[in-house]
Amino acid sequence: MITPQELASWVVHEDERLLVVDKPGDVVCHPSKHGPWSSLVGAVREHFALARIHLVFRLDRETSGVVVLAKDPRTASLLQTAMQERRVGKGYLAVLAGELAGPVRVDRPLGVDTASPVFMKSAARDDGQPSATLFEPVSLGGGFTLARVTTETGRKHQIRAHAQWLGHSVVGDKIYGPDARLYLDFIDRGWTPELERVLLMQRQALHCARIDLGQAGIPAVFEAPLPADIVGFCARHGLRVPVSPQPPL
């Protein structure tokens with residue numbers, strides 16, 4: 001459950017049209033059956049006494065970073081159209097397994113992974129939707145890469161699926177990591193020493209570090225620094241964390 005004090009501490013920006021928060025990596029965006037304070041959208045409605053809030057850019061539960069919410073339908077429509085037309089700059093930081101020698105652009109269609117025991121999993125397949133992701137190494141060390149990631153499309157689990165296809169899965173990823181059955185083990189038994197030994201982090205090391213709305217008609221850039229769990233992993237493995245989350249997009 002989210003507390004009012006926690007939610008207030010996550011706010012990056014607020015004005016009459018927008019609310020921008022730095023979401024932790026253990027918070028679900030969409031409302032759930034457990035009440036308003038169990039999700040980001042529900043907690044925002046309660047805390048800010050809003051009749052309605054529009055979740056423009058969502059993140060997976062275990063992905064941390066910048067989330068933009070619109071307070072009115074007009075702003076929501078403006079930003080959703082900009083997203084569809086690829087006029088919103090989004091930049092991520094991710095810790096990848098293995099050392100990535102140089103920048104790589106993955107241009108592989110994504111669709112449902114029909115062979116996976118996890119029904120929600122995506123995979124590269126020729127009959128999927130066009131998808132492209134750029135991975136750029138920032139720092140290498142200890143068999144890992146801290147990478148800047150830029151998405152050219154917005155498919156479900158795109159970064160994680162493309163990272164797996166590349167052979168450099170996101171550290172801590174229960175679905176797109178060493179074995180998707182680890183996710184089923186987590187659902188059944190929760191976090192265990194066995195999972196920690198294999199996955200190394202309790203959640204996927206993926207963070208939305210920057211959103212640029214300049215080309216969407218809103219002259220604003222919002223950033224969120226890497227959270228403590230990813231910074232700690234980087235420190236333990238000799239990975240240099242950049243001072244600024246992202247260069248200009």
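Buried here means under 20% relative accessible area. That cut-off is handy for the close-ups below, which all come from a predicted model.

**View 1. Helix α4 has a run of buried residues.** Helix α4 covers residues 158–166, and Gln 158, Ile 159, Arg 160, Ala 161, His 162 and Ala 163 in it are buried. Just after α4 comes Gly 167, with a positive phi of about 90°.

**View 2. Val 95 sits in the largest nonpolar core.** That core counts 61 residues, and Leu 40, Leu 79, Val 95 and Leu 213 are the ones with the most contacts inside it. Another core, of six residues, lies apart from it and includes Ala 161, Ile 175, Tyr 176 and Ala 180. So what does Val 95 touch, once its neighbours within four places in sequence are set aside? The contacts are Phe 144, Thr 145, Leu 146, Ser 169, Val 170, Val 171, Ala 205, Ile 230, Phe 233, Cys 234 and Leu 239.

**View 3. Phe 144 and Phe 233 make up the one aromatic pair in the structure.** Phe 144 belongs to strand β10 (residues 144–151) and Phe 233 to helix α7 (residues 228–236), so the pair ties together parts that are 89 residues apart in sequence. Are these two residues buried or exposed? Both Phe 144 and Phe 233 are buried.

**View 4. Strand β10 pairs with both β5 and β9.** Strand β5 (residues 89–97) runs antiparallel to β10, and seven bridges link them. Zoom in on that pairing and you'll find Leu 96 with Thr 145 of β10 as its bridge partner. Strand β9 (residues 132–141) is also antiparallel to β10, with eight bridges joining the two. Here Leu 134 stands opposite Thr 150 of β10. The hairpin of β9 and β10 has two residues between the strands, and Gly 142 in this hairpin takes a positive phi near 60°. Why call β10 largely enclosed by the rest of the structure? Because six of its eight residues are buried.

**View 5. Lys 174 lies over the face of Phe 186.** The distance to the ring centre is 4.6 Å.

**View 6. Glu 14 and Lys 71 join up in a salt bridge.** The N to O distance between their side chains is 2.7 Å. Glu 14 is in strand β1 (residues 11–14), while Lys 71 is in the loop between β4 (64–70) and α3 (73–84), so the contact ties together parts 57 residues apart in sequence. Glu 14 counts as partly exposed at 40% relative accessibility, and Lys 71 counts as partly exposed at 21%.

View 7. Arg 87 pairs with Glu 85, and their closest N and O atoms are 2.8 Å apart. Arg 87 is partly exposed, with a relative accessible area of 25%, and Glu 85 is also partly exposed, at 48%. Asp 127 and Arg 125 meet through their side chains at 2.6 Å, N to O. Asp 127 counts as exposed at 57% relative accessibility, whereas Arg 125, at 27%, is partly exposed. Which residues do salt bridges with shared partners join into one network? They are Arg 58, Asp 60, Arg 160 and Asp 173.

Definitions and conventions: Residues are numbered from 1 along each chain as its sequence is written. This is a predicted model: local features need pLDDT of at least 70, side-chain atom pairs count only at pLDDT 80 or more; totals for chains, interfaces and linings use all residues. Side-chain values use heavy atoms; hydrogens and water are left out. Buried means under 20% relative accessible area, exposed over 50%, partly exposed in between (1.4 Å probe, protein chains only). Helices (H or I, at least four residues) and strands (E, at least two) are DSSP runs, numbered from the N terminus. A nonpolar core is a set of buried Ala, Val, Leu, Ile, Met, Phe, Trp, Tyr and Cys residues joined through side-chain atoms within 4.5 Å. Contact means heavy atoms within 4.5 Å. Rings of Phe, Tyr and Trp (its six-membered ring) pair if their centres lie within 6.5 Å; planes under 30 degrees apart count as stacked, over 60 as edge-to-face and the rest as tilted. A charge sits over a ring if NZ of Lys or CZ of Arg is within 6 Å of the ring centre and within 35 degrees of the ring normal. Two strands pair if DSSP finds at least two bridges between them. A salt bridge is a side-chain nitrogen of Lys or Arg within 4 Å of a carboxyl oxygen of Asp or Glu.
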